[in-house]
Amino acid sequence: MQWETVIGLEIHAQLSTKTKIFSAASTAYGAEPNTQACAVDLGLPGVLPVLNQEAVRMAVKFGMAIEAEIADYSVFARKNYFYPDLPKGYQISQMDHPIVGVGHLDIEVEGQTKRIGVTRAHLEEDAGKSLHESFHGSTGVDLNRAGTPLLEIVSEPDMRSAKEAVAYMRKIHELVQYLDISDGNMQEGSFRCDVNISLRPKGQEEYGTRAELKNINSFKFVEKAIYTEVERQKEILEAGGSITQETRLYDADKDETRSMRSKEEANDYRYFPDPDLLPVFISPELRAQVKADLPELPEAKKQRFVTDYKLEAETANNLASSRPLADYFEALVKSSGCAAKICSNWVCVELSGALNKQNLSISQSPIDSDRLAQLLQRIADNTISGKIAKQVFEAMWSSQDSADTIIEAQGLKQITDSGAIEAIIDKIIANNPGQVEQYLSGKDKVFGFFVGQTMKASQGKANPGEVNKILQDKLRL
Amino acid sequence: MTIHTKTLKQLSQDLQAGEYSSQELTQVYLTRIQQHSALNSFISVTETQAIASAKQADALLTAGNASLLTGIPMAHKDIFCTQGVKTSCGSKMLDNFIAPYNATVVDKFNAAGMISLGKLNMDEFAMGSSNETSFYGPAYNPWADNTVPGGSSGGSAAAVAARLIPAATGTDTGGSIRQPAAFCGITGLKPTYGRVSRYGMIAYASSLDQGGPMAQTAEDAALMLQTMAGFDAKDSTSSEQAVPDYSASLNDSLKGLKIGLPKEFFDEGLNNEMAAAIETAVNEYKKMGAEIIEVSMPNLKLATAAYYVIAPAECSANLQRMDGVRFGHRCDNPEDLNDLYIRSRGEGFGPEVKRRILVGTYALSAGYYDAYYIKAQKIRRLITEDFTKALETVDVIMGPVTPTPAFDIGEKTADPIEMYLADIYTIAVNLAGLPAMSVPAGFIDNKPVGLQIIGNYFAEAKLLNVAHQYQQVTNWHQQMPQGFE
């Protein structure tokens, strides 16, 4: 039988507010355990939550970016369950009245554009962390993360393959960073995802029973987990079995999913409106303000890059996919005054390649756009050739020096003095009579040999245009 | 006149005039607390801190930098977090909990220069109407042997009635200020929901809880409320409405005051003598020129049922933080996480608290939520509408605080429902979020009777005015239990 995969994602994006969603404690990552948890985060008796309005703004911003309905009125609810890293015994979340309603996002897979529905997005607080290592058989609890604001983004079951799911996840990841509402750092758990998967016979309308894979924090694992889970379900269904509705865990080491709890064992969270918090009203003023602050979104930016800079669609897409990358590119164009095409080449090829090699993001680049601009200017004004520029780039990568300093120090300045080049060429012609003869007898290809020899003799510093011109003159004899 | 029988107002005048020092005054009350420890009205007495604070107060008084309440002793219900001092909430669960911060209300009284003498007994987590659910044993009503002081602010009421302190804080979720005030013959005020910050006040039912003053007179209650009231950025449910001068309107004339008497308050459930006492009180108002109007609140009979869904539902969640992990009681040698939870909570909570957690958890469960919680919220809205409608035609609503005077210790502990029904006249007010007072209005068998005065939202000044005028023509509030004069 032909099976169709149906996938929906619940993405948790940590919002990059300075303080927690209901307290004034810092949200910075990596502090000593329990040093960033105040009385409110610890859930001490008598404390009360106070909503961080910045988190509300960020949620509204996200909603506007996916053209979603923004609720006039939204309500926080208590989700009740016991766990040591959940200090109050309930998580403050949203149930019946989420802040962001129905919206959508377009993804591209294999050249096809597809619209994915977003059911809702709501605000909630993160829990702390249970640390099971090095406590002599006990469990340690670190509440630094408790109360960190999360935006949970729930999709419609609109995806039909692992590739689509990953494309959607990437798109959301790209978007939250674009909007500057999340750092999207997956290693630190700022961006993670639950995947709902079911299969149905191709052509069947109604959905099959789904399994939920919890807490996956990389694109690669999402893809692998889906393949693995689809295979598992397929095997069961083809053997005439049925799928149990349950929550499963993906074990990346063994590349398998295993059951965490069945529907019957699922918690009854007993949601009810949190009486400590007033309903949130989104005023027209706030809407207008957020709308005015909304940055140019990736799709619009891509179009602008194609129109304004005459970039290829693919290059434009590549640059526009990350806001810091796009910003870098535009800053480079502006400060170098060089052609956009050259700038995009350097950003997409040399710079991106070097960054990837060391697993760095654009914001961690050792060469900022101003330093790179100077390098490109030196190519443009013929101080160095493109080839030498790559050498200078490498030197810049591992030092703080400017392009000019390196060119000067390493004596890489291009030789444009035709007398000097002539001297080199005369010597080469004299030393290679056989090749001269070949060329004169019509073997044009040998011309390249002379260019190569000249460049080699000049240690790459001879101006290639000048070399060509002089060679052509001399060999015409 | 002996010092300990004086009102806040009188004590303030004496201190400012240098009749005696705050240290002397503090010592007088500390001695009385010790002498009458059998009342069991205090859970903790903070003598050392009190003496140190009194010293500071005296410095301010001498320098002429004192405010109205500087140097006057008081005490807090043990539900308010007090930094460095045990804050037990009447429970074994928090018997070892030293609060690391002050409740906003506590900070405000400290800033006003009042001297806290300790923490007052109360029903466990404010769940109870007799102070009998306290882990520390019941406080006793100074008016009669073997009689409950009411609850949950029973310690506060007993201590003020016995003149162990001139005034105290209390909290009221379903009548916990008004009912003990009535049982002990003192003046208690539950403010409008949101008038007083709940920050640092250990939550029972968050949408109903409200702190307020318990004192000898309406005049003193006005001074206390003046200190407690106001917006608090740490409590999202606190109101930004400006706080008026509560003492300024105390002497306003009541001529033409419209008093509503809900007929549902005076039906067959009310003890005859109680009905007569309330009628006598209402007649005093008639003499002052007030107009009496019968009003009807058809949904009042549903209040107790709605309350016993909403309050337990909220408390079931509020008390989940008491899990033995970060503070409070933890069982010995837990085998695993479940064992830690089950035994810590099983050992830490008393039976009434467990009962309400169970009821609340049930009411919020999948499949029952609509039938109980949602329905109760609808009833809450109907009751609120009954009140607001009545308050369109009258200035205040009057009635009894309780169906009977204080009952005996142990009389109602066997039947929780009977205990719950004793709160029938107070509960509806919390559901509506309105302010209300209990004012001493006579005696039945030598036990005090309270008159309840309910006002419109943020009409505390009006309530205090109405109560104060009554206290100008009656002396019920000046009566003191035998042996405590």
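Visitor: What does Tyr368(B) count as at 34% relative accessibility: buried, partly exposed or exposed?
Guide: Buried means under 20% relative accessible area and exposed means over 50%, with partly exposed in between (1.4 Å probe, protein chains only). Tyr368(B), at 34%, therefore counts as partly exposed. The model is predicted: local features need pLDDT of at least 70, side-chain atom pairs count only at pLDDT 80 or more, and totals for chains, interfaces and linings use all residues, while side-chain values use heavy atoms, without hydrogens and water. Residues are numbered from 1 along each chain as its sequence is written, with chains lettered from A and ligands numbered from 1 in the order in which they are written.

Visitor: Where does Tyr368(B) lie, and which residues form a nonpolar patch on the surface?
Guide: Helices (H or I, at least four residues) and strands (E, at least two) are DSSP runs numbered from the N terminus. Tyr368(B) belongs to the loop between helix 11 (351–364) and helix 12 of chain B. Patches consist of residues with over 30% relative accessible area and no salt bridge, like charges being joined within 9 Å and nonpolar side chains (Val, Leu, Ile, Met, Phe, Trp, Tyr) within 5 Å. The nonpolar patch comprises Tyr362(B), Tyr368(B) and Tyr372(B), which together have about 290 Å² of accessible area (Shrake-Rupley method, 1.4 Å probe, only the protein chains shown counting as cover for residues).

Visitor: Which residues form a negative surface patch?
Guide: Lys and Arg count as positive and Asp and Glu as negative, with His and the chain ends not counted; a charge is placed at NZ of Lys, CZ of Arg, CG of Asp or CD of Glu. The negative patch is made up of Asp408(B), Glu411(B), Asp415(B) and Glu418(B). Of these, Glu411(B) sits in the loop between strand 9 (396–400) and helix 13 (416–421) of chain B and is partly exposed, at 43% relative accessibility.

Visitor: How many salt bridges does the structure hold over all chains?
Guide: Side chains of opposite charge can pair when their charged atoms come close. The criterion for a salt bridge is a side-chain nitrogen of Lys or Arg within 4 Å of a carboxyl oxygen of Asp or Glu. Over all chains there are 45 of them. In one, Arg200(A) pairs with Glu4(A), the closest N and O atoms being 3.0 Å apart. Arg200(A) lies in strand 10 (residues 191–201) and Glu4(A) in strand 1 (residues 3–14) of chain A, so this pair ties together parts that are 196 residues apart in sequence. Both Arg200(A) and Glu4(A) are buried.

Visitor: What separates Arg355(B) and Glu352(B) in helix 11 of chain B?
Guide: An α-helix has 3.6 residues a turn, so residues three or four places apart point the same way. Arg355(B) and Glu352(B) form a salt bridge, with their closest N and O atoms 2.3 Å apart. They are three residues apart in helix 11, which means a separation of about one helical turn. Arg355(B) is partly exposed, at 33% relative accessible area, whereas Glu352(B) is buried, at 10%. Elsewhere, salt bridges that share partners join Arg78(A), Asp274(A), Asp276(A), Arg198(B) and Asp235(B) into one network.

Visitor: How many of the nine residues of helix 14 of chain B are buried?
Guide: Eight are buried, and helix 14 (residues 424–432) is mostly covered. Leu431(B) is one of the buried residues. After the helix comes Gly433(B), whose phi is positive, near 80°.
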